[in-house]
Amino acid sequence: MAESLPLEMLTYILSFLPLSDQKEASLVNRAWYCAAQNALRETKVRYNIPVSSASLSAIKSLGLRGISCISLTNLDGSPASHQVLQSIAYHLGPHLQSLCLSGGSPTEASFVALVLRCPALRILDLSGCNSLFTSGMLLAQPETAQRVRQALSGLRELNLAGLRDLTDLSFNQLSSCVPSLERLSLAYCHLTFESSPTWGPQGSPPFELSFQNLLKFVKERAGSLRALDLSGTGLPPEALKALSQVTGLQLQELSLHSCRDLSTEAVATLCRQQPGLTSLDLSGCSELTDGALLAVSRSLRHLRHLSLGKLQRLTDAGCTALGGLRELQSLDMAECCLVSGRELAQALGTVRGTPPPLTSLRLAYCSSLKDASVLSMIPVLSSNLRVLDLSSCVALTNRTMQAICYYLTHLSVLRLAWCKELCDWGLLGLEEPNEKPALGPQSHPELKHQASDSTDLSPKSQGPSLLMLQALQELDLTACSKLTDASLAKNTGYHYSDMQAAPSVGCGHVSWYQHSSCQALSRTAASGDLHPVSLRRRG
């Protein structure tokens, strides 16, 4: 019956499958192969194409399937690269929507020739493509610039991160060709924040990228610019204030990762002036204190994604403000070493009128985190949570593991690397013996017997176990040195005698990595392929 289904219906059905299952389904027959490829295209899968003559036939095939999102690797100025770019322009150009040349070294001529053949381009990534900007002559010819402007009239997102040779002149020439730009990244570009002596007598642009020039650009595009990434640029407080106060600017996303000079006062000004922000990254801004989080809570009521990693001055007092962010979906507080979790649990509990929308919580390397605070936090996280990262929270024990298994049954990603107090009893949901075990992994005959027994354990002996996390796709137990093979074999249905080099099957859709300091295996959901070995589920 499946063979008689229309291609459109097969495509629709396969679109609900995980990537690994779509790859498996493509092996059934030619109709399923075509349907799987269509499903991949519709889910905006990016195809990484190595630049070599061997890729030419693949590029032609991708063109026939209408692939719209690609990334090129090993791109340089060689004849082979030029040939590949010509092939991409011919076969993929008319329907290409996302193009990534990150880290490549294309020539100016080949780049211009490529984008002229891509009239549907919406996303362009030129991060690390220094060869395009070394001469300062990219798009210097008015006729060329006009043609490129027509081709890139629909471009919405431009990534210029990590360009050491980007200057005011080259930035202006390129930005003038993207009139519809909404998202711009200048992360880790060298921005200057004072007038330079290299200004000419008529005030000509210097041979550097200045904040004054960027501010002018933002003022000109205030009505359309929605996302800005200035991570790692050394943005000072005065510059952030000037940026946030631009008339008509209504940013939705702003990333200021590792802007270490930013002050709490500057962040407060930002929050007052840009209340429409839905995503804010302040991780690594080491001067910020609890006041910054209070300002965020007061002004950014529609915030959905907040990153506060590596804020060493952030304490539990600041976490109380998180209760005001009722639309928050993603919270990253990794490496906030003064946060114990007590106030965070209370803040999350204040939104219990409706289940908190939080889908991702990252508390890795929060060394003050203890069982008690995590146990009070987990019940209020609701079934919406999909990603939980407690890596290197070394004080956590089996109690936390069993609470996770009981309350957070919809988790797809769980990271507990270096939580060295976890042991087999926690994963199996068994009551731990009273006697203290010796250091290092122990051999428990009863666990081995249970691992080999296919029958369920009695309710009296088994509590919440890893088996309850039926949606889990990624599990990281790296360096959990008290774990042994027995608990993993029981919880996953995998065993060493079944190792084979093939994709995993069943409910896991996972791949596994073995760590030198862990007798267990750490599980990751990369792409459905298994490295270095695959564990087959027992039938």
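**Stop 1: strand 2**

Select residues 69–73, which form strand 2. Four of these five residues are buried (under 20% relative accessible area, with over 50% called exposed and partly exposed in between; 1.4 Å probe, protein chains only). Strand 2 is therefore largely enclosed by the rest of the structure. Helices here are DSSP runs of H or I with at least four residues, strands are E runs of at least two, and both are numbered from the N terminus.

This is a predicted model, where local features need pLDDT of at least 70, side-chain atom pairs count only at pLDDT 80 or more, and totals for chains, interfaces and linings use all residues. Residues are numbered from 1 along each chain as its sequence is written, and side-chain values use heavy atoms, leaving out hydrogens and water.

Strands 1 and 2 pair in the parallel sense over four bridges; pairing takes at least two DSSP bridges between the strands. Pick I49 and find its bridge partner L72 in strand 2. Now trace the chain from strand 1 through helix 4 (residues 56–64) to strand 2: this β-α-β crossover is right-handed. That is, with the strands pointing away from the viewer, the path from the first strand over the helix to the second runs clockwise.

Next, show strand 3, residues 98–100. Three bridges join strand 3 to strand 2, and the two run parallel. C69 has S98 of strand 3 as its bridge partner.

**Stop 2: the whole chain**

Zoom out. The chain holds 19 helices and 21 strands. Of its 539 residues, 50% count as buried. Its accessible surface (Shrake-Rupley method, 1.4 Å probe; for residues, only the protein chains shown count as cover) comes to about 24200 Å², with 53% belonging to carbon and sulfur atoms.

**Stop 3: helix 11**

Select residues 264–273. Seven of the 10 residues of helix 11 are buried, so this helix is largely enclosed by the rest of the structure. Among the buried ones are T264, V267 and L270. What covers them? The cover of the buried residues includes helix 10 (237–244), strand 10 (253–255), strand 11 (279–281) and helix 12 (290–299), counting contacts as heavy atoms within 4.5 Å.

Stay here for E265. E265 forms a salt bridge with K241, the closest N and O atoms being 3.2 Å apart. E265 lies in helix 11 and K241 in helix 10, so the pair ties together parts 24 residues apart in sequence. E265 is exposed at 54% relative accessibility, whereas K241 is partly exposed at 22%.

**Stop 4: more salt bridges**

A salt bridge puts a side-chain nitrogen of Lys or Arg within 4 Å of a carboxyl oxygen of Asp or Glu. The whole structure has 11. Show R183 and E157, which meet at 3.4 Å, N to O. R183 sits in strand 6 and E157 in strand 5.

Move to R362 and D389, with closest N and O atoms 3.1 Å apart. This pair links strand 14 (residues 360–362) to strand 15 (residues 387–389). R362 is partly exposed at 31%, but D389 is buried at 4%.

**Stop 5: two loop residues**

Most residues other than glycine have a negative phi. Select E335, in the loop between strand 13 and helix 14. Its phi is near 65°. E335 is partly exposed at 28%. A479 also has a phi near 65°. A479 lies between strand 17 and helix 19, and is buried at 1% relative accessibility.
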